[in-house]
Amino acid sequence: MIPISWYLIFSAALFCIGLYGVLSRKNSVAILMGVELMLNSASINLLAFWHYYSQIRQAPQMDSQVFVIVVFAVAAAETAVGLALIISAYRKRQSVVANDLSELKG
Amino acid sequence: MTSLQIIFLVVAALTLVSACLVVMTRRIMHAALWLVLSLMGVAMVYATLQSGFFAVVQVLVYIGAISTLIIFAVMMTRNVMEDVGPQSNRGWGLALVGSAVLFGGICGVLLTWNGMQTALIEIPAVNGENIQMLGLSLVDPMGFLIPFEVASVLLLAAMVAAIFLTGDIKRSRS
């Protein structure tokens, strides 16, 4: 009953908000929060197209649901490693500002 | 306008407002709590998509595990950026313009697609919420057994990496 366009525009808006957070925040933890929002919007898109495709095929298809599961696993791994990196950098530098962590700059 | 549409609109507005607060609040702890609300809204959107399983997994994984990790990291690193000075860098105007242009571009591309106004009707489910088919396809060698195993190896590697990165007691002693 809900048009697919609502889902797609909603997830596009969520993705752009997350992108703004990633680009504009100074704090590294806040940058990771923006990444979480972007991953969630991608999952909404995948599930919306799963619904659309299953509706066309008249039966539930499993492909994109498995894709969403893999996205969840990758998001969990990414957050764990990202926060471990931030805490490790914080121990060495006493800072979580992304601008300060520029030792690898060419 | 049906009740499902009204529910979707309310939930979407809630999610977008709390997502805006995530990226704009000055206090990083408040941003983490707004992130929890936003993820909850996304879980409700999953529920409207006839994927109740993923709504539950979203609550478990994102709200239960990832938000806890983020809140822990915020608490461990809080005293460095204690809410003084700007929380966004100099290029935030450019970032805002870039995000808005990207949103306009995505909407422009989407509006050219023919199936855009397709209403999502209810799919006839074979067994409840298709959980049985999903589980069988995850352990089927002709299905998705290999991606499933690769995901578990990835989780194991991430766990080892997180322990190695944060628990550097031995190296700091030497």
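Predicted model: local features only at pLDDT ≥ 70, side-chain atom pairs only at ≥ 80, totals over all residues.
Student: Let's start with chain A. Which elements does its secondary structure come to?

Tutor: Chain A has three helices and one strand. Going from the N terminus, the order is β-α-α-α.

Student: How does the radius of gyration of chain A look beside that of a compact globule?

Tutor: For 106 residues, a compact globule would come out near 13 Å, whereas chain A has 18 Å. You can see the proportions in the C-alpha trace too, which spans about 55 × 25 × 25 Å along its principal axes. As for burial, 51% of the 106 residues of chain A count as buried.

Student: Can we take a single residue? Where is Val35(A) found, and what does it touch?

Tutor: Val35(A) sits in helix α2 of chain A, residues 28-57. Setting aside neighbours within four places in sequence, Val35(A) is in contact with Gly18(A) and Val22(A).

Student: Why does Val35(A) count as partly exposed?

Tutor: Because 17 other C-beta atoms lie within 10 Å of Val35(A), while a buried residue needs 20 or more and an exposed one has 12 or fewer.

Student: Now the two chains together. How many residues of chain B are in contact with chain A?

Tutor: The general idea is that the size of an interface is often given as the accessible area lost when the parts come together. Here we can count residues instead: 77 of chain B are in contact with 63 of chain A. The elements giving two or more residues to chain B's side include α1 (3-24), α2 (28-48) and α6 (145-166) of chain B. By class, that side has 57 nonpolar residues, 19 polar and one charged.

Student: How do I read two helices that pack across the chains?

Tutor: Two packed helices are described by the angle between their axes and the distance between the axes. Take α3(A), residues 63-93, and α3(B), residues 52-76: their axes come within 10 Å and cross at roughly 5°. That angle makes α3(A) roughly parallel to α3(B), because angles under 35 degrees count that way.

Student: Which residues of α3(A) and α3(B) meet?

Tutor: Among them are Phe72(A), Leu83(A) and Ile87(A) in α3(A), and Phe54(B), Leu69(B) and Met76(B) in α3(B). This contact has 16 nonpolar residues, one polar and no charged ones.

Student: And the strands: how many bridges join β1(A) to β1(B)?

Tutor: Two bridges join strand β1 of chain A, residues 2-3, to β1(B), and the strands run antiparallel. Pro3(A), for instance, has Ala119(B) as its bridge partner in β1(B).

Technical notes
Residues numbered from 1 in each chain as written. Chains lettered and ligands numbered in written order. Axes fitted to C-alpha atoms, helices over the stretch in contact; angles between N-to-C directions. Helix = DSSP H or I, 4+ residues; strand = E, 2+ residues; numbered from the N terminus. Parallel < 35°, antiparallel > 145°, perpendicular 65-115°, else oblique. Contact = placed C-beta atoms within 7 Å. Nonpolar A, V, L, I, M, F, W, Y, C, P; charged D, E, K, R; others polar. Pairing = 2+ DSSP bridges. Rg over C-alpha atoms; globule rule 2.2 N^0.38 Å.
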